[in-house]
Amino acid sequence: YDPKLAAEITAQEEEIDLYEDTLGTFLVKLSSKDLSQADSSQVAELLHAIGDFERIGDHAENIADAAVKSAEESLEFTKKGQKEIKEMHHKTMSIFEKSMEMFTTMDKKNLSYIMELENSIDLMERELQQNHVKRMAKGKCSPMTGILFTDLVTSLERVADHATNIAFSILENDPEEAM
């Protein structure tokens with residue numbers, strides 16, 4: 001937990017909200033113009049993408065809030081739980097970075113990697129939730145820590161979902177067809 005980082009995340013999330021409002025308003029106005037079918041589709045995809053960016057900001061703030069709560073209440077995960085969260089965080093950051101690269105370069109080279117990693121993260125979420133329930137049943141952590149763990153795992157998985165949506169926003173067709 002780093003209080004400075006938590007404050008920075010909150011401030012950035014507020015900026016993201018402003019960007020979403022500003023860009024969304026612009027894109028809605030733009031969509032009312034006489035656009036080609038391709039341009040109209042791209043505007044719609046960009047509207048969806050900025051919504052995904054905003055949701056990632058929300059989940060980042062949820063993760064920061066969980067860190068604050070953990071520090072304030074001296075909640076600690078088991079060593080195994082810590083390892084699982086770090087691994088999921090690593091995978092989530094990887095999919096986020098590759099998705100941002102795909103979105104900014106409009107290059108589909110990361111598509112299969114993103115799709116495979118997204119499936120892996122979905123499976124990992126279910127596995128980690130099951131592992132945590134087992135740890136709780138054995139009395140290795142408190143119910144409050146259990147809620148925090150569940151919230152973190154869920155937020156990380158949703159960040160991966162939104163990052164994937166952003167990557168897919170550059171595609172004209174179904175991702176399976178683009179490969």
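These questions and answers walk through some helices and residues of a predicted model.

Residues are numbered from 1 along each chain as its sequence is written.

Visitor: Is Glu84 buried or exposed?
Guide: Glu84 lies in helix 3, residues 79-105. Helices here are DSSP runs of H or I, at least four residues, numbered from the N terminus. Buried means under 20% relative accessible area, exposed over 50%, and partly exposed in between, with a 1.4 Å probe and protein chains only. At 5% relative accessibility, Glu84 counts as buried.

Visitor: Which side chain does Glu84 join in a polar contact of 2.8 Å?
Guide: Contact means heavy atoms within 4.5 Å. Not counting residues up to four places away in sequence, Glu84 touches Met124, Leu128, Asn131, Arg135 and Phe149. A polar contact is a pair of N or O atoms within 3.5 Å; within protein, one must be able to donate a hydrogen and the other to accept it, and residues adjacent in sequence count only if both atoms are side-chain atoms. The partner at 2.8 Å is Arg135.

Visitor: Are helix 3 and helix 4 roughly parallel or antiparallel?
Guide: Helix 4 covers residues 111-137, and its axis is 10 Å from that of helix 3, at an angle of about 160°. Axes are lines fitted to C-alpha atoms over the stretch in contact, and angles run from 0 to 180 degrees between N-to-C directions. Angles under 35 degrees count as roughly parallel, over 145 as roughly antiparallel, 65 to 115 as roughly perpendicular and the rest as oblique. Helix 3 and helix 4 are therefore roughly antiparallel.

Visitor: How many nonpolar residues are in the contact of helix 2 with helix 5?
Guide: Helix 2 (residues 37-72) and helix 5 (residues 143-168) pack with their axes 9 Å apart. Residues of helix 2 such as Phe53 and Ile56 meet residues of helix 5, including Leu152 and Val159. Ala, Val, Leu, Ile, Met, Phe, Trp, Tyr, Cys and Pro count as nonpolar, Asp, Glu, Lys and Arg as charged, and the others, Gly among them, as polar. The contact has six polar and four charged residues, and its nonpolar residues number twelve.

Visitor: How far apart in space are Glu20 and Ile50?
Guide: Glu20 lies in helix 1, residues 3-31. Glu20 touches Ile50, Gly51 and Glu54, not counting residues up to four places away in sequence. Glu20 and Ile50 are 30 residues apart in sequence, and their C-alpha to C-alpha distance is 5.9 Å.

Key:
This is a predicted model: local features need pLDDT of at least 70, side-chain atom pairs count only at pLDDT 80 or more; totals for chains, interfaces and linings use all residues. Side-chain values use heavy atoms; hydrogens and water are left out. Helices (H or I, at least four residues) and strands (E, at least two) are DSSP runs, numbered from the N terminus.
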